[in-house]
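Thank you all for coming.

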Amino acid sequence: MGVWTYQRAWMGGCTDPENEDTYEVVDLTQYARRQQWWGCLFGGNNSGPMAEKYSVATQIALGGVSGWCAGYLFQKVGKIAATAVGGGFLLLQIANHSGYVQVDWKRVEKDVNKAKRHLKKKADRAVPELNSFIDQSTEFVKTNIIVTSGFFGGFLLGLAS
């Protein structure tokens, strides 16, 4: 476990020109133990909330940057999705008006109502899982309020940019 093999030729050339199948074995567990940044990044021995590990300025910066990235991506993906759905609906309406497509709106309404009933049944069964997720999320926000505040502010700035 933890042993990784790679071909040296991939790392910038082979050391033995006659034998291009030279491999080197690297034990990732030993490598990770020797790297201090690895432990800092992934929590090493000091586990606990982020508030106990980093200064307030670092927490706000980390939350703000990650929030801005999430907001910016949400904005771009949202625009693409809205354009695709709106464009598809517009094309469907044009095709319907031109006579290329005949839409049975009564059947569509019946199927939508059937889907609503089905989703309501599924939602009633998923309530305990949803409550557990909400409780865990609330606990995370309470524990890491500074990072969460930075993330929320960054998210709003990402949406606006």
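Which residues in H5 are buried? In H5, the buried ones are Val 147, Gly 150, Gly 154 and Gly 158, where buried means under 20% relative accessible area, exposed means over 50%, and partly exposed lies in between, with a 1.4 Å probe and protein chains only. They sit on the same side of H5, because they cover an arc of only 75 degrees around the axis, the arc being that of the directions from the helix axis to the C-beta atoms. On the other side of H5, Phe 152 and Ala 160 are exposed.

Before I go further, a word of care: this is a predicted model, in which local features need pLDDT of at least 70 and side-chain atom pairs count only at pLDDT 80 or more, while totals for chains, interfaces and linings use all residues. Residues are numbered from 1 along each chain as its sequence is written, and side-chain values use heavy atoms, with hydrogens and water left out.

Now to the chain as a whole. It has 5 helices and 2 strands, which are DSSP runs numbered from the N terminus, helices being H or I with at least four residues and strands being E with at least two. Along the sequence the pattern reads β-β-α-α-α-α-α. Of its 161 residues, 9% count as buried.

Let me return to H5, which spans residues 145-160. From the first C-alpha of H5 to its last is 23 Å, close to the 22 Å expected at 1.5 Å a residue, and that expected span is 1.5 Å times one less than the number of residues. What covers the buried residues of this helix? The cover includes helix H3, residues 56-98.

H3 itself has 43 residues and reaches 61 Å between its first and last C-alpha, close to the expected 63 Å. Its buried residues are Gln 59, Gly 63, Gly 64, Gly 67, Gly 71, Gln 75 and Ala 95, and these pack against H5, contact here meaning heavy atoms within 4.5 Å. Gln 93 also lies in H3, but at 30% relative accessibility Gln 93 counts as partly exposed. The C-alpha atoms of Gln 93 and Val 103 are separated by 9.4 Å, although these two residues are 10 apart along the chain. Just after H3 comes Gly 99, which takes a positive phi of about 95 degrees.

My last topic is the surface. Phe 89, Leu 92, Tyr 100, Val 101, Trp 105, Val 108 and Val 112 form a nonpolar patch there, with about 680 Å² of accessible area together. Such areas come from the Shrake-Rupley method with a 1.4 Å probe, and for residues only the protein chains shown count as cover. Patches are made of residues with over 30% relative accessible area and no salt bridge, with like charges joined within 9 Å and nonpolar side chains (Val, Leu, Ile, Met, Phe, Trp, Tyr) within 5 Å; a salt bridge is a side-chain nitrogen of Lys or Arg within 4 Å of a carboxyl oxygen of Asp or Glu. H3 and helix H4, residues 105-143, each supply at least two residues of the patch, and H4 gives the most, with 3 residues. Leu 92 lies in H3 and is partly exposed, with a relative accessible area of 35%.
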